[in-house]
Amino acid sequence: MGKSFDPSLIVNFVPTLIHYLGVTLQILAASVSLGMILGITAAILRVFRIPILNQFVILYISFIRGTPILIQLFLVFYGLPAILLFINIDISRMEALYFVIITYALSNGAHFAEIFRGAIKAVDHGQTEAAYSVGMNNGQSFRRIVLPQAIRIAFPNIANAIIGSLKDTSLAFTIGVMDMMGRGETLIAATAHGLEVYLSLSIIYYAVVLLFEKIFRLYENRINRHQAVNVSAAG
Amino acid sequence: MTIDILFIWTAFKEILKALPTTLFLTILPLFAGFLIGLAVALIRIYKVKYLSGVANGYVSFFRGTPIIMHIMLIYFGLPLLIDQISAKFDWGFQSNSIPISLFVLTALSLSAGAYLSEIFRSGIISVSNGQMEAAYSIGMNTFQAMTRIVLPQAMAQSIPNFTNIFIGFLHTSSIAFIVSQKEITGAANIVASTNLKFLESFIAAGFIYWGLTIMAEGLSFFIEKKATAYNRGGLQ
Amino acid sequence: MIYLKDIRKSFNQQPVLKGINLKVGKGEVVAILGPSGSGKTTLLRCLNFLDKPDEGIVQVGDVQVKTKKATKREILSLRRQSAMVFQHYNLFAHKTVLENVMEGLIVTKKYKKTDAKRESELMLKKVGLEDKHHHYPSQLSGGQQQRVGIARALALNPQVILFDEPTSALDPELVGEVLSVIKTIAQEGITMVIVTHEMSFAREVSDRVLFMDGGVIVEEGSPLEIFNAPKEERTRQFLNRISRDIPIPYLEEKAN
Ligand SMILES: Nc1ncnc2c1ncn2[C@@H]1O[C@H](COP(=O)(O)OP(=O)(O)OP(=O)(O)O)[C@@H](O)[C@H]1O
Ligand SMILES: [Mg+2]
């Protein structure tokens, strides 16, 4: 299998690999942004039970939640060109990176939709009634009162989903994307030091995850700062 | 490239043969992870000296890195370790006689342990302090209070989380195909490349996973209803 | 039956009990009164080591524990001398009414299941819940839950039963049913320590009243002494404040 373990190689590998972190973050940023649009739209279609579209969204979410991200990746990679060929669009030469972004956007969209739907439902109905009582219409009450509170409720779960998605990007190399993992594979091919490569990759992923967690926690405290702290009396 | 609908069914039947491997790679790690997770959760809750630091690091690292890393680290690392120990003690034992699936199982068990420990921990914490105190007040010791009063409630409340973990690990087992395991995704890959029908094969695999997921959700819903019957009050 | 010597307890350097000395005889019913935060609950919880005192000696029944050297085994046997009825009931949420009462008998008293069942049914009858055996706590009213709590404590046949404001979480119309159950068992000669804000109940049920304030027992005496002729200014103020809604003629009539 590999050669004997040489920890000093990690010092060399980490800088080489971190060079490709940008690709990983690019996938994440694009797929989270697109997923957010998709997720909010899908959640609204679900909450307001828009006929047909609601059923379609249910099917979409069920499918994404029902299949591994790897399978989704392969389905988009092999399926999208086939479908688009029907309408005479040839994307068979499109870069693998875009297939990855599309897959992860679809996946994130479904997860975000479920989180947003739960959060919208969790907002107390009294809030909507209060909004009506000061003369707001449906749309105003949703946009100005319900949605901001729902986003706050949803935030911790969204943050978790984003971190999950970051970890999932480690599978993009299976369709040939040259991100950290892809570069890691080539390093192994060149040096036969698999363990050191994966240790280096683990260190980078772990550091980025910890950093994201930290940022999300700070941000969460910020958006919750106007929330009263529950002081419970000792009895 | 056109889609051969009929081949999806052919592929489906072929890939389904790999179902036992997928279930094996899902259930065994969850079972081991259950034990690891419970032990780790208790160590962290009771802040056991020295061990709780290790436990915290373990959970943080395994939850903070992609599962493919765990598989690869064990796949590359464990043989080196075993060969070194083997050479030192003259066992004449070679790591390449160990099937790869064992490394995958080890890695997935460690991942599952980390995720499950968090579920146990939040489940145990969510059972109110008053339950423990009431158990003490009727003369139970900590072990009795834990096993008879707190854990049963914690487990019942955690069923939805267990379902998510089960589904998560069912899907995660697909990663094993990267180290040539012939579970559903691996089988789909083989069917795909021998027949050069990639899309059809992965559609078939997708249906299998989807079906399994829906069945797991249904089962969990049913069990949860039974297990938390005590929580649905009539009055108050 | 109960003997406390110089019990001290602080939370975060804040002294909550500042040297409590107390003796309670067999069969005695002691009511503890006092303003919020005076340490009543803490004192009760020190009696079964749900809170561990910082200093002092706790004895219940034949079991004496010196706080400084308390071992797990000692604490367990101390706890087995008493039973507690909680303000918020704390019934085992995953067990039925009958199972709640049986649990202590099976686990700590090592009863056989059938014996535990027979005994528990008897206790539930005593608190008037013979028709609710297979309900879960979440399916009962607060008053019913608290009566299960009392049955659970009673079943253990403890040396002492500790009550921490057993009715203060209840709606007013449910208070009566619980108090009358407690009164009945008080008459059976079980030693009881009751923290309560129900003055007329304390007066009726107790043999002795303790008034606590600021972590010390300010005054103690018979209900008559405490309610009619409190010696301490602090006691008088507290009673004035709290008994405004108890008609004075009623108190006077009782006194005579
Ligand atoms: N676990 C704890 N941690 C910190 N402080 C505590 C704790 N338990 C009680 N205290 C403090 O100890 C003091 C006494 O509390 P205790 O609950 O004994 O009062 P109490 O007399 O029962 O009051 P109430 O009538 O409101 O129930 C209070 O100031 C309370 O804040
Ligand atoms: Mg109290």
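## Charges

Chain C carries 37 positive and 32 negative side chains, where Lys and Arg count as positive, Asp and Glu as negative, and His and the chain ends are not counted. The centres of the two sets lie 8 Å apart, each charge being placed at NZ of Lys, CZ of Arg, CG of Asp or CD of Glu.

## Basis of the model

This is a predicted model, in which local features need pLDDT of at least 70 and side-chain atom pairs count only at pLDDT 80 or more, while totals for chains, interfaces and linings use all residues. Residues are numbered from 1 along each chain as its sequence is written, chains are lettered from A and ligands numbered from 1 in the order in which they are written, and side-chain values use heavy atoms, without hydrogens and water.

## Fold and size

Ten helices and ten strands make up the list for chain C; these are DSSP runs numbered from the N terminus, with helices (H or I) of at least four residues and strands (E) of at least two. Its radius of gyration is 18 Å, close to the 18 Å that the globule rule gives for 256 residues, so chain C is as compact as a globular protein of that length. The radius is taken over C-alpha atoms, and the rule is 2.2 Å times the number of residues to the power 0.38.

Of the 256 residues of chain C, 57% are buried (under 20% relative accessible area, with a 1.4 Å probe and protein chains only).

Note on methods:
Buried means under 20% relative accessible area, exposed over 50%, partly exposed in between (1.4 Å probe, protein chains only).
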